[in-house]
Amino acid sequence: MSRFSLYDDEAHPSPWQHTWRAFKSSHIALVGLAVLLLFVFFAFFAPLVAPYNPAYQNTEALLIPPSWAPNGSITHLFGTDALGRDLFSRIMYGCRVTFGTSLLVVIIAMLVGVTIGTVAGMLSGVRSSVVNHLLDALMAIPTLLIAIIIVGILGSGLVNSMWAITLALIPQFVHHTRSFVRGEMKKDYIQSSTLDGASNLQLFYHSILPNMIEMLVVQGTLALSIAVIDISALGFLNLGAQAPLPELGAILATGLDAGYLAPWNIAIPGVTIFLMVLSITIVGDGLRSALRKRVNR
């Protein structure tokens, strides 16, 4: 009987198994997932695997080139900065700060935005019209500009920048969730559930939310890449994470002081931010394609 069950599972995979099979059929998506998992590993285990304290200053190891350079040293894989701090350790901790805070920001913004968007999508009349015009006005303003304005009011710092980016991302989730819910409310299966006596809460959990997964994946990965860029930009402008806290944007700004003598202090954190955003985008596109294939199947 166990053998029959094994063959039956292979012939009729679960929806999540089918999604994974569709996802791993794309080699680019797998590469993006591997790179993203590396950043996730750094975010969670940087204190355990980093070779040096990111704030430790060694005056005998100033501006050492990366290990692959002719004058480089294997003891400092990515070289050191103008204060003798190990750049590889700072990049690992920077991934922890930048990616970890971005993920937390997106989760909070998604929960709040989906809740407000669902309620707004089920409303009608003047209240819905007011929400619609307000969202159109907020969506026309770039998230980074909104974040800079909020940080200017609250003050600089990592916590304030997190709140600023969260408030800047919420309107996007509200807008897309509201549009999706309003479109679903007009479909026949929602009308049938309503006639059967289903409440709005039951409609959301049992009918709307399962069909919203693809939209949430797309908007979530897009918001995550935006959050990474915005947190790095605020850190670069000295409005986000403050020294000595290592953050990728702040590390990039610090490297500008010795850019001519040590260009790796600019190139390495810049490439890290680029790879982080690129891997998030690739994984998001792969998940969207896999979910679409599952729905079509």
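## Salt bridges in this model

A salt bridge is a side-chain nitrogen of Lys or Arg within 4 Å of a carboxyl oxygen of Asp or Glu. Side chains of opposite charge can pair when their charged atoms come close. This structure holds three such bridges.

The model is predicted: local features need pLDDT of at least 70, side-chain atom pairs count only at pLDDT 80 or more, and totals for chains, interfaces and linings use all residues. Residues are numbered from 1 along each chain as its sequence is written, and side-chain values use heavy atoms, with hydrogens and water left out.

## The R288–D285 pair

R288 and D285 form a salt bridge, with their closest N and O atoms 3.3 Å apart. Both residues sit in helix α11 (residues 264-296), three residues apart, so about one helical turn separates them. Helices here are DSSP runs of H or I, at least four residues long, numbered from the N terminus.

R288 has 30% relative accessibility, so it counts as partly exposed. D285, at 33%, also counts as partly exposed. The scale is relative accessible area: buried is under 20%, exposed is over 50%, and partly exposed lies in between (1.4 Å probe, protein chains only).

## The D81 network

Salt bridges that share partners join D81, R85 and R90 into one network. D81 meets R85 at 2.8 Å, N to O. D81 also pairs with R90, where the closest N and O atoms are 4.0 Å apart.

What about burial? R85 and D81 are both buried.

Notes. Helices (H or I, at least four residues) and strands (E, at least two) are DSSP runs, numbered from the N terminus.
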